[in-house]
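Please open the model in the viewer and keep the sequence at hand.

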Amino acid sequence: MEAASYLLDPDLLREVLECPICLETYNQTQMRPKLLQCGHTVCRQCLEKLLANTINGVRCPFCSRVSRMSSISQLADNLTVLKILDCTTSCSAATAALMCKSCYNRLPRQYCHDCATFLCELCKEEGHLHQGHSIQPIRGGR
């Protein structure tokens, strides 16, 4: 089963588990995935910013369709994304292998050659770059 986790396309994983606006990995709290009425998903934090600039709805930044609402609570959570996130934190070691090897909270976007470790942007900035490590972006096979 562990070998199967390495077959997943990292770009596809990021597309599903990261907010396409701020590029942060969704979570159960402030970065909670919310479904716009058009079907696109953004995190609660970005949605709050979008809603602050309008009166009675949010224009989807991807397809321009307006989701009519007066509060974020009127939009459903993306339960599929939440279920995948639950699995990455509570299921097997194979799914945990998909996360940053430093914080285990975000999807990795970088690889540190010196430590042979996959890292998220935050962990890259906080530790490895300041130590002069050789860092390279992870790119999928697209």
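Select helix α3 together with β1 (33–35), β2 (41–43) and β3 (57–59): these strands are among the elements that cover the buried residues of α3. Cover rests on contact, meaning heavy atoms within 4.5 Å. Helices (H or I, at least four residues) and strands (E, at least two) are DSSP runs, numbered from the N terminus. The model is predicted: local features need pLDDT of at least 70, side-chain atom pairs count only at pLDDT 80 or more, and totals for chains, interfaces and linings use all residues. Residues are numbered from 1 along each chain as its sequence is written, and side-chain values use heavy atoms, with hydrogens and water left out.

Next, select residues 44–52, which form α3, and highlight Cys-46, Leu-47 and Leu-51, which are buried. Buried means under 20% relative accessible area, exposed over 50%, and partly exposed in between (1.4 Å probe, protein chains only). Viewed down the axis of α3, the buried residues fall within an arc of 135° and so line one face of the helix; the arc is that of the directions from the helix axis to the C-beta atoms. On the face turned away from this buried side, select the exposed residues Lys-49 and Ala-52.

Move on to the aromatic rings, where the count comes to one pair. The ring centres of Tyr-111 and Phe-118 lie 4.9 Å apart with planes at 55°, so the pair is tilted. Rings of Phe, Tyr and Trp (its six-membered ring) pair if their centres lie within 6.5 Å; planes under 30 degrees apart count as stacked, over 60 as edge-to-face and the rest as tilted. Tyr-111 is partly exposed at 23% relative accessibility, and Phe-118 is partly exposed at 36%.

Finally, display the whole protein chain, which has six helices and seven strands.
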